[in-house]
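Thanks for coming. I have one structure to go through today, and I will take it piece by piece. Here it is on the screen.

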Amino acid sequence: MNMVSKIVKSPVALSVGGLLAEARAARGYSLDDVAETTGLTVAEVTALENDTDFDTSRIRRTAAALGILDKI
């Protein structure tokens, strides 16, 4: 079973931010890792994970970096 399968089968419906945060944690990535990979700041990644930033470009970029773009 891959990491994405574990996320999708969670009994609780996650928000987009929750899905991003869980995918990041499942891969063992830090906020700094995701920020560096996506070109975003740590504050921007945090805002996405906390559902306080709904910029679709940032969401898609982060989801793609985490390998879950098809789940968003």
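Start with helix α3 and helix α5, which pass each other in a right-handed crossing. This is a predicted model, so keep that in mind throughout. In general, a packed pair of helices is described by two things, the angle between the axes and the distance between them. Here α3 covers residues 31-38 and α5 covers residues 56-66. Their axes come within 10 Å and cross at roughly 110°. Since angles from 65 to 115 degrees count as roughly perpendicular, α3 is roughly perpendicular to α5.

Which residues make the contact between α3 and α5? From α3 they are Val34, Thr37 and Thr38. From α5 they are Arg61, Thr62, Ala65 and Leu66. Sorted by class, the contact has three nonpolar residues, three polar and one charged.

Next, helix α2, residues 16-27. α2 has twelve residues, and from its first C-alpha to its last it reaches 17 Å, close to the 16 Å expected at 1.5 Å a residue. Its buried residues are Gly17, Gly18, Leu19, Leu20, Ala23 and Arg24. As background, an α-helix has 3.6 residues a turn, so residues three or four places apart point the same way. After α2 comes Gly28, with a positive phi near 75°.

Is Arg24 buried or exposed? Its relative accessible area is 15%, and the cut-off for buried is under 20%, so Arg24 is buried. What does Arg24 touch, leaving out residues up to four places away in sequence? The list is Tyr29, Ser30, Leu31, Val34, Glu49 and Leu66.

Now the loop between α4, residues 42-49, and α5, where Asp51 is placed. Most residues other than glycine have a negative phi. Asp51 is not glycine, and its phi is positive, near 55°. Asp51 is partly exposed, with a relative accessible area of 26%.

Last, the whole protein. There are five helices and zero strands, and along the sequence the pattern reads α-α-α-α-α. Of the 72 residues, 31% count as buried. Among contacts with a separation of 6 or more, 49% are between residues 24 or more positions apart.

That is the tour. Questions are welcome.

Notes: Residues are numbered from 1 along each chain as its sequence is written. This is a predicted model: local features need pLDDT of at least 70, side-chain atom pairs count only at pLDDT 80 or more; totals for chains, interfaces and linings use all residues. Side-chain values use heavy atoms; hydrogens and water are left out. Helices (H or I, at least four residues) and strands (E, at least two) are DSSP runs, numbered from the N terminus. The expected span of a helix is 1.5 Å times one less than its number of residues. Buried means under 20% relative accessible area, exposed over 50%, partly exposed in between (1.4 Å probe, protein chains only). Axes are lines fitted to C-alpha atoms, for helices over the stretch in contact, and angles run from 0 to 180 degrees between N-to-C directions. Angles under 35 degrees count as roughly parallel, over 145 as roughly antiparallel, 65 to 115 as roughly perpendicular and the rest as oblique. A crossing is left-handed if the near helix is turned anticlockwise from the far one by less than a right angle, and right-handed if clockwise. Contact means heavy atoms within 4.5 Å. Ala, Val, Leu, Ile, Met, Phe, Trp, Tyr, Cys and Pro count as nonpolar, Asp, Glu, Lys and Arg as charged, and the others, Gly among them, as polar.
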